[in-house]
Each structure stands twice: as structure tokens, then as C-alpha cells.
Amino acid sequence: MSALLRIKNLTGGYHSEDVIRNLSLDVNRGDFLIIIGPNGSGKTTLLRLLTRALTPRQGEVLYENKIIAQMELKEFCRKAAFVSQDISTSFSFTVMELVLMGRIPHLKRLQSESKKDIEMALEKLALTGTLNLKNKRIDELSAGDRQRVVIARALAQEPELLFLDEPTAHLDIGHQVQALDLLKRLNREDSLTIVMIMHDLNLASAYSGRMVLLDKGEIFKAGSPEEVLTYQNIETVYKTVVLVNSNPVTGKPNVVLVPKGKQ
Amino acid sequence: MRLKLKFLILLIALCAAVVFGLIKGAVNIPLANLLFNEHRVIFNLRLLRVIAAILAGGGLAVSGIALQAILRNPLAEPYLLGTSSGAGLAAVSAVIAGVSRVYLPLAAFLGAIASIIIVYNLARERGAIADESLILSGVVISVAFSSLIVFLVSLFGNEAMHEMNWWLWGSLQVYDYKLLLLVAFPILLGICAVYLFAQDLNAISLGEEEAMHLGIDVQNVKKIVILITAVITASLICICGIIGFVGLIVPHMMRLIVGPNHKVLIPATCLAAAIFMIFCDLLSRTFFSPIEVPIGVITAIIGAPVFIFLLKKGKRAL
């Protein structure tokens, strides 16, 4: 089976500085891939290169064997959607208006939303448990609700692949688990492929099928959580002393921090 | 369905404003009498003013909305890109050079377009337009051109000064219906063109990368929209000079009333701004009649306090 997203010798970044260096990776259909790595390791830059927000300096990204930069932008956005950490806007749209924007890739310039588009938006609101918020303004929502609405908008694009940049960064643990459970369910039931950046190693361990540990713009280690989250890997990349045991419930690796004075 | 009601109210208010604009003035003439021959001239003059007011209101409102969305700044206004001083400089230069009055609107139009071309090119970097660069270049060009205007006026005195006042504070006194028809065309076309980008403006107002992730070619949309607003404001400056605050206040008020969705906001603001302009024009010609107060003074006197009130009250909606 050929990969859904194939990254070949990707190099790129900002102006003259390359943040990502010669990186190759395959994302398969149905993957739940989590990218981890210290600050400045190039996680967000990698995601921006994969979503066309940045143009690679060398190498290429292929979606179903098509170079993404050569795909029509709307076509690409019907295949792959993106969820950012949080949206901030000085214009207070309603939840429904925001989610309907997810239909833009499916509409031509003069075409306004049809009944089908509205039903699609309502369905995604229901799926993310935000249907009761549809007439609220987005700046009235809590961070957790807003994140679920943004996920609903991305789902309204009907993507096969969902990119997320630390979607749980601003959420408390309850909302984190709620959002991740939702993603897991979409991954399992609708075979939505997920590529997500995360900082929390234990959440990443609990939810990911595959992990990629980035260090200085290169892949330090890719594989199952058990293969990636070893104390040697983490100490080398994060320069931090940790213990790794296993989560008593899931059996997945569990990273325990060891403060300096106790080492 | 409450939205339909709001539009109905706006439409009725616009009709009422048009009737008021026709019958009120230095002399009040009942609507029925206006159509008689003896009042025909007054009727025609007032009708031209009302049409100019509607065009100016709609054009300024839409230009303001479009720039506010692409710059994600509710404080952007139609003259942000240096059009006002560009037009002023060209007009003053033309007066000093002894160009016939007939060509002044053309000079103003060209001056406005020229200033936008300069500002746009100053702000362009690697084929993209950075928001801050655009605002800053606009400010720099405005200041530079304004100082040139003052320089010319101080050298050549009264004649240029008189012309300047007219440009700076605006007037809806239109004598030439051919000119009005000529500029009505690009203004109306421009308003419709911006409306075609309503959903793009919604997405861009969330952020350029957000919009890109929704499949919008942000850089191209920005260029096209800036060009359209340039044509609208330059055309307006030709016939009515510079009228401040309308493109700022009315969109802001309407955002509070109908929300920020551009599909609704654009038509609602066009109607509201047209009503507002007819009303301001009425004040400008009746308040100190027979002296006519420049309309820009009226819009500023009404606009500034309203703006301060909204700023204090509605921080959230800004």
C-alpha cells in the first residue's frame, strides 16, 4: 500500500535558515501520528511545510503521489484540514458562521451554501458536541469549547487527513482528554488520518499509534510509543533526566520527571 | 428571520431619507410641488445630491469594510492608503498650473490612484503585502503629500487654499450629472465586486494562514480587493472630495447590529451609510443656511463622539 502522505528529503524554513533538514517520512492512511520534540526542534515548521503555509526549499511532499504544491489549493483543502492552537479574531462570528467557513473548499466563488452544506455543518457540530453553541459568538466561548468548534470546522471540510498543532495546549486535563477521545474516535470509526503536534509526552503516548521525535530539524526516532519513549531518547533530546515506566491501565510508556535535587 | 426585519427597516429608512433629502432644504417644498415646472431645477439639484450621498455612503462603507477585513483591523478607513492626500496634491497642483476646473476631478482621480500605486509598491515584499508595511507606507505617503500641499499653498496662496478646503472636507454639491453618472459606474461595480469576495473576507479576517487552510488564495484576494477599494475611493474623491469617519463608524455600528459576517454586513452597511450620508448632507445645507457647512465637518462632529462612545462601550466587539 502506498503512503497517503509521503515526505521526501524535505528541507525548508524561514528566509535563508533551514529549520527542517532533509526529512523523510511516510504517513499511512488511518495513522494516528504524533510529533513530539523540544521547543525549536521544528515541529510547527514541519507542519507548516506539510500544509502549504511554507514552501519547501528542497525535497517534496506528496499527497497520494501528487506534489501538494502543484495541487489546486481548494482541492488540497478538501483532502487535508488544519487545526491551530487557538483562533483569535477581532471579529466575533457566530459558531455556525465559523463552521460554515469549512465549506469554502467545496464551493465555487459565486456559490452560496446549500442545504447540504448547512446540514454538514450541523452534523459536525453534533459530532463534536457543540450543537447547543451554534448561535453563540466565538469570543464568548471557553477555550475548550472554541477548540471543539474549530475541530468541527476542520471536519466540515470533509478531510481524509487532519493536521493539528498542539490542539490541547490551552485546555485543562478534562478538556484535553475530551478532545483527544474525539480525535481517537474519528480516527477509528471514520478512518480519519491524524498528524498532530503535542508537548505532553504521556498524552502522546496514550493516544498515538505512531510517534516521531524531532530534534534540531531531523527525525531522531520514529516508531511505536514504546520505541520512541525510552529514557535514553528523552534524556538525549530534551536534556532532562526522566524515568519511564508503564501506565498501569493502558500499558503504554509513562514518562516521570525527576527534578534536579532528587537525582 | 430577525435579519430580514432589520433589512426591511433599513430599506424603509432609506426611502424616507430620500424623500426628506428631496423636500427639505433652504426652502421646504412639499413632494407634490417638486414635480411642477417651477421647482424642477431645485428638484434636479437635490436629486443629484441624494444620489451622490448614496454613492458616497455605499462606496466609503464598502471600502472601509474591505480594508478592515484584510488588515484585521477595525480601525482601518478608506483613505488609509494615502488616497486623500494624493488626490489633494494633484488637485492643488492642477489649480496652480492653471488647468481648467473641468479637469480637476480627473487630476484628483489620477492623484489618488498614483498614491495607492506608490503605497502598494512600498509595502510589497517578496510578492506578498505585509499588513503593517501597508499601513505604515500609507501614513508616510499621506504625511509627505500633505506637507507638499501645505508647501504649495504657502507659495501660491489663496486660490489653491480655497480648492484645498473643498477637497479636505468634502461636499456633495454636484453640478454635473454626466460626471456623476461616469463615477457611479465604477463605484457600483466596485461595491458588487467586493461583495463577491464576502466569504473570502470572512476567512481572511480570522488570519491569513487560517484563510489559506480553507483554500483561499490570500495574496491574490488581497491585491484584488485593495485595487477595487482604490478605484472606489478615487472615483468618490472626484465628485465629493474627502469625507471622513463614514467608512469607519458605519461599518462598526452595523457589526454590532448584524454581526461580522460580510455576506450580511456589506449590504446592511451600504444601506445604513447611504441613510447616514443623506442625513448629514441635509444638515450641512440647512443648519446654517444659506451658508453650507462642509459635509466632512458634519460627519466628524457626529462621528467622533459616536466613535468614542462605541470604543468605551463595546471594547469586546472592536
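**Sheet, interface and helix packing**

In chain A, four strands form an open sheet in the order E2-E1-E4-E5, with antiparallel pairing; strands count as paired if DSSP finds at least two bridges between them. Helices (H or I, at least four residues) and strands (E, at least two) are DSSP runs, numbered from the N terminus. The model is predicted: local features need pLDDT of at least 70 and side-chain atom pairs count only at pLDDT 80 or more, whereas totals for chains, interfaces and linings use all residues. Residues are numbered from 1 along each chain as its sequence is written, and chains are lettered from A and ligands numbered from 1 in the order in which they are written.

The edges of the sheet are strand E2 (17-27) and strand E5 (66-67) of chain A, each of which pairs on one side only. Strand E1 (residues 5-14) of chain A runs antiparallel to E2(A) and is joined to E2(A) by 7 bridges. Ile7(A) has Leu25(A) in E2(A) as its bridge partner.

Between the chains, 22 residues from chain A and 22 residues from chain B make up the contact, where contact requires C-beta atoms, placed from the backbone, within 7 Å. On the side of chain A that touches chain B, H2(A) gives the most, with 3 residues.

Within chain B, the axes of helix H3 (residues 40-70) and helix H12 (residues 246-258) come within 8 Å and cross at roughly 75 degrees. H3(B) is therefore roughly perpendicular to H12(B), a term covering angles of 65 to 115 degrees; axes are lines fitted to C-alpha atoms, for helices over the stretch in contact, and angles run from 0 to 180 degrees between N-to-C directions.

Key: Contact = placed C-beta atoms within 7 Å. Parallel < 35°, antiparallel > 145°, perpendicular 65-115°, else oblique.
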